[in-house]
Amino acid sequence: MSRYTGIIEAYRNRLPLDLEARAISLGEGRTPLIRLENLPRLESVEADIYVKFEGVNPTGSFKDRGMTVAVTQAVHEGSRAIICASTGNTSAAAAAYAARAGIKAFVLIPEGKIALGKLAQAIVHGATVVQIRGNFDDGMRLVKEVAQTAPVAIVNSINPYRLQGQKTAAFEIVEALGRAPDFHCLPVGNAGNITAHWIGYSECAGLESGACAHFPDSWDFSGFGTQRKRPRMVGYQAAGSAPFLRGGPVHNPETVATAIRIGNPQSWDLAWKVHEESHGWFDELEDAEILATQRLLAEREGVFCEPASASSLAGALRDLKQGKIPAGSTVVCTLTGNGMKDPDVILKNGLTGLVEVDAERGAVERALLERL
Ligand code: AN7
């Protein structure tokens, strides 16, 4: 057994990094692919549903896969500072990997709309947090403007190294299942991750993709077998923040799933290519459906993901019930982030399960016996 040291070492020959580049890693990747055992029965759907729990990455989201590669490259090119706009998770990852690399991180966050845990992460890792009076889309525009003159490397997913890192999740899924799933469902914000997964699946299958515009595919893809299969990619958005359903930017996106409160997706064109090439679709979910599924997954399977993440499973369950995803399919849902980042969203609904009793044996016993 050798010590696992992250996706760069695991997939070095499939990433566009100099072999001499020092990997800035926190051991990200190798996340569990958990087969749901209770929910399919409970929801009366017949399918093999797996959740890829990206919430167990070092900073608690899938962003670590992209950030390790983006920061490694930035440092290799001599950058001393990185910058991003973020709904929370990108800023947490940027702050942590910058700390690891010994460089500065600047993160622009929308005022009052990021989960508390994510804000705490950016602060504890020593990033400069710039809270703007505006939303993520304003922040993204400002980052692009500022980076034209300031000596900072952008580590949002418009940086192609981010998608290259995030594609490794698809590699892990193909390795774990021995093949690609029939359907892969993800939450969509900027649409970087759905694109990255498609790049990864395409590389596993040895197939071209118009979504992989940035790098020549001259790497070694032996080891994935010769299966030509790729999944159909399904992207879910929050109804109040669903530009892919509206056919253009949404100016005042709103959703309880603050991670995907994004009205002007940066990977718009790439995601449409993914949609066409994979014969997939986009759909939208109400906040109430998202929260109900987050709860269900936590209560029935023991997996606590953040609201945005639950939209992938909420959508998959609905599409299975409606027959859009046929019975008997193998479905992978990406759970992009950890539920512990956003405790407010749970506690806001009251402290269910909390019982207050006197500090005395009889009272505690009664509390138990009433509920067994
Ligand atoms: C938990 O952190 O954009 O479609 O600034 O945090 O690749 O954008 C977060 C995105 C899904 C959407 N789930 O992924 C940010 C940010 C979670 C997220 C998404 C995000 P993309």
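**Close-up views of a predicted model**

**View 1. Helices α3 and α4 cross in the right-handed sense.** A crossing counts as right-handed if the near helix is turned clockwise from the far one by less than a right angle, and as left-handed if anticlockwise. The model is predicted, so local features need pLDDT of at least 70 and side-chain atom pairs count only at pLDDT 80 or more, whereas totals for chains, interfaces and linings use all residues. Residues are numbered from 1 along each chain as its sequence is written, and side-chain values use heavy atoms, with hydrogens and water left out. Helices (H or I, at least four residues) and strands (E, at least two) are DSSP runs numbered from the N terminus. Helix α3 comprises residues 63-76, and its axis lies 9 Å from that of α4 at an angle of about 45°. Axes are lines fitted to C-alpha atoms, for helices over the stretch in contact, and angles run from 0 to 180 degrees between N-to-C directions. The two helices, α3 and α4, are therefore oblique to each other (under 35 degrees is roughly parallel, over 145 roughly antiparallel, 65 to 115 roughly perpendicular, and the rest oblique). On the α3 side the contact (heavy atoms within 4.5 Å) involves Lys63, Asp64, Met67, Thr68, Val71 and Val75. Asn89, Thr90, Ala93, Ala94, Tyr97 and Ala101 contribute from α4.

**View 2. Strand β3 (residues 81-85) is largely enclosed by the rest of the structure, because five of its five residues are buried.** Buried means under 20% relative accessible area, exposed over 50%, and partly exposed in between (1.4 Å probe, protein chains only). Ala81, Ile83 and Ala85 cover one face of β3, and Ile82 and Cys84 the other. Strand β4 (residues 104-110) runs parallel to β3 and is joined to it by five bridges; two strands pair if DSSP finds at least two bridges between them. Strand β6 (residues 153-154) also pairs with β3 in the parallel sense, over two bridges. Ile83 stands opposite Phe106 in β4 and opposite Ile154 in β6. Together with helix α4 (residues 89-101), β3 and β4 make a right-handed β-α-β unit, in which, with the strands pointing away from the viewer, the path from the first strand over the helix to the second runs clockwise.

**View 3. Six strands form an open sheet of mixed pairing in the order β1-β2-β10-β7-β8-β9.** The edges are β1 (33-35) and β9 (281-285), each with a single partner strand, so one side of each has no neighbour in the sheet. Neighbouring strands are turned by 25° against each other on average, direction ignored. Strand β8 (residues 232-238) pairs with β9 in the parallel sense over five bridges, with Phe282 as the partner of Gly235. Helix α11 (residues 268-278) lies across β8 and β9, at about 115° to β9.

**View 4. Strand β10 (residues 330-335) is largely enclosed, because six of its six residues are buried.** One side carries Thr330, Val332 and Thr334, and the other Val331, Cys333 and Leu335. Strand β2 (residues 48-53) runs parallel to β10 and is joined to it by six bridges, Val51 being the bridge partner of Cys333. Strand β7 (residues 183-187) pairs with β10 in the parallel sense over three bridges, and Phe183 is partnered by Val331.

**View 5. Gln294 lies in helix α12 (residues 287-301).** Gln294 is buried, with a relative accessible area of 2%. Beyond its neighbours within four places in sequence, Gln294 is in contact with Phe304, Cys305, Glu306, Pro307, Ala310, Val345 and Ile346.
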